[in-house]
Structure formats: structure tokens, C-alpha cells
Amino acid sequence: SFFIKYSKLRAEKGIITNIIFNAELKHRKERIEFFLKSKKYKVRFLQQSTPAEIMFYKNKSCILILTKEPLVIRITSTEVTDSFKQYFEIMWKTASN
């Protein structure tokens, strides 16, 4: 529920976000319906199974491990963020609509 609330706030501010979901969610649209309907999100899917997420903005990168006890690692570094952006672009091109 935190993620949905945070995402709605981001959308209200007009921030367009690209998200790559696990492919299994493609068949469970009720869980991602908000993202699919919003014009503020571009969604793609990859065959993957991991509790980890990576997000980045400006010169900050966050690695989120969504396990029973979630862990967030925040890195402030332009070089690291640029590296994650390159990695994301490769995954985005591979992901399906």
C-alpha cells in the first residue's frame, strides 16, 4: 500500500515514471491497474523473479530488498546513478509491453 500511495503522489506532481514489473503481474492486472491506466506511467514486463528493486532520481540510487524485513540502501553518486540508468535502458529495451 505504501508503494501505491507514493506512486499516486508522484503522478500528482506530474512525474512520468518507467516501471518494469515481473511478467507474472501481467496476468494479475488488479495489482497494477493504477499504473496501467495512468498516463504518468510507462509499464513493461520482464521474465524475472526477484524481491529486489532499483530506483533512481537525480544523483540518488536506491536498492530496495522487499523481504519480510525490507531493506533500503541509498547511494548518492552521479556515477552510480548513471550506471543504473544504463542498466535500466538495456532492461527496458528487452522488456515487453
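Biologist: How many aromatic pairs does a search of the whole structure find?

Modeller: A pair of aromatic rings is described by the distance of the centres and the angle of the planes. Rings of Phe, Tyr and Trp (its six-membered ring) pair if their centres lie within 6.5 Å, and planes under 30 degrees apart count as stacked, over 60 as edge-to-face and the rest as tilted. On these terms the whole structure holds seven aromatic pairs. One of them joins F34 and F35, an edge-to-face pair with 5.3 Å from centre to centre and 80 degrees between the planes. This is a predicted model, in which local features need pLDDT of at least 70 and side-chain atom pairs count only at pLDDT 80 or more, while totals for chains, interfaces and linings use all residues. Residues are numbered from 1 along each chain as its sequence is written, and side-chain values use heavy atoms, with hydrogens and water left out.

Biologist: Is F34 buried or exposed, or partly exposed?

Modeller: Buried means under 20% relative accessible area, exposed over 50%, and partly exposed in between (1.4 Å probe, protein chains only). F34 counts as partly exposed because its relative accessibility is 26%, whereas F35, at 2%, counts as buried.

Biologist: Why is the pair of F88 and W92 stacked?

Modeller: The pair is stacked because the ring centres of F88 and W92 lie 5.7 Å apart and their planes meet at 25 degrees. Both residues belong to helix α3 (residues 78–94), where they are four residues apart, about one turn of the helix; helices (H or I, at least four residues) and strands (E, at least two) are DSSP runs, numbered from the N terminus. F88 and W92 are both buried.

Biologist: Which residues make up the largest nonpolar core?

Modeller: In soluble globular proteins, nonpolar side chains tend to be buried together. A nonpolar core is a set of buried Ala, Val, Leu, Ile, Met, Phe, Trp, Tyr and Cys residues joined through side-chain atoms within 4.5 Å. The largest one here has 10 residues: A11, I19, F21, A23, L25, I32, F35, Y41, V43 and F45. Two or more residues come from each of β1 (17–22) and β2 (41–46), and β2 gives the most, with three. Another core, of five residues, lies apart from it and includes I20, L46, W92 and A95.

Biologist: Which residues form one aromatic cluster?

Modeller: F21, F34, F35, Y41 and F45 form one such cluster.
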